[in-house]
Amino acid sequence: MRPRTIQSGARTARAQPGRASPGSRAPWARLQTPLPARTPCSARYRRIVKRRGHAKALVAVARSILVISWHLINVPDASSQELGADWYRLHLDPARKTRDLVRQLQALGHQVALTPAST
C-alpha cells in the first residue's frame, strides 16, 4: 500500500485513481488460510470482493491489517483478539437486511408483501 508517482520529464502526475499498485503480499497470504480456519480478514475479503473486485478487496484487507498493527504498536493497553469468521454474520441486523432486500426488489419493479414465517 503505497502511493505511486508517475514522472515524465518535468511533469509529475499521480497514478490513476482506482488502480492498486503492487505492494506487500501479506494481505493475500492472510486470506489463503485452510477452509476450517477462516479469519475475519478472509471474511472481509469475501464480502468486499463480491461488489468491488479482487484488487480493491485486497487493498481494503491490507488497510485493515495496517490499522490493527498501528493500534497494537501505538496503544499501550491494546490487545488483539480474533473475532472469528462469522462475526459479521452474527452482528447483522435482520431488520436492516430485510429492508434493503425489499428496496432492491421494489427498484426492480416487484411488489413485495412480507408475511412472517411460521416455525
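## Exercises on a predicted model

Helix α2 supplies the largest share of the positive patch, with 5 residues. Keep in mind as you work that this is a predicted model. Welcome to the exercises!

**Exercise 1. Find out how the chain is built: how many helices and strands does its secondary structure hold, and in what pattern do they follow along the sequence?**

Step 1. Begin with the elements: the chain comes to 5 helices and 2 strands.

Step 2. Now read along the sequence, where the pattern is β-β-α-α-α-α-α.

Step 3. Finish with burial: 15% of the 119 residues of the chain count as buried.

**Exercise 2. List the residues that gather in the patch of positive charge on the surface, then look at Arg46: is this residue buried or exposed, or in between?**

Step 1. The residues of the patch are Arg46, Arg47, Lys50, Arg51, Arg52, Lys56 and Lys97.

Step 2. Recall that α2 gives the largest share, 5 residues. Arg46 is itself in helix α2.

Step 3. Arg46 has a relative accessibility of 35%, so Arg46 counts as partly exposed. That class lies between the cut-offs of under 20% for buried and over 50% for exposed.

**Exercise 3. Compare Val59 and Val61 in turn: what is the relative accessible area of each, and how far is each from Tyr45?**

Step 1. Val61 has a relative accessible area of 0%, so Val61 is buried. Val59, at 36%, is partly exposed.

Step 2. Turn to Tyr45. Val61 is 16 residues from Tyr45 along the chain, and their C-alpha atoms are separated by 6.3 Å. For Val59 and Tyr45, 14 residues apart along the chain, the C-alpha separation is 9.4 Å.

**Exercise 4. Search the whole structure for salt bridges: how many are there, and which residue pairs with Arg99?**

Step 1. The search finds 1 salt bridge.

Step 2. Arg99 forms a salt bridge with Asp100, and their closest N and O atoms are 3.7 Å apart.

Step 3. Check the exposure of both partners. Arg99 is partly exposed at a relative accessible area of 39%, and Asp100 is partly exposed at 29%.

Step 4. In general, side chains of opposite charge can pair when their charged atoms come close.

**Exercise 5. Locate Ser79: where is this residue found, and is Ser79 buried or exposed?**

Step 1. Ser79 sits in the loop between α3 and α4 (87-90).

Step 2. Its relative accessible area is 65%, so Ser79 is exposed.

Step 3. Lastly, take the distance to Ile68. Ser79 and Ile68 are 11 residues apart in sequence, and their C-alpha atoms are 9.8 Å apart in space.

Notes
Residues numbered from 1 in each chain as written. Predicted model: local features only at pLDDT ≥ 70, side-chain atom pairs only at ≥ 80, totals over all residues. Heavy atoms only, no water. Patch = residues over 30% accessible without salt bridge, like charges linked within 9 Å, V, L, I, M, F, W, Y side chains within 5 Å. Areas by Shrake-Rupley, 256 points an atom, 1.4 Å probe, with all protein chains shown as cover. Salt bridge = Lys/Arg side-chain N within 4 Å of Asp/Glu carboxyl O. Lys, Arg positive; Asp, Glu negative; His and termini not counted. Charge placed at Lys NZ, Arg CZ, Asp CG, Glu CD. Helix = DSSP H or I, 4+ residues; strand = E, 2+ residues; numbered from the N terminus. Buried < 20%, exposed > 50% of the residue type's maximum accessible area, 1.4 Å probe, protein only.
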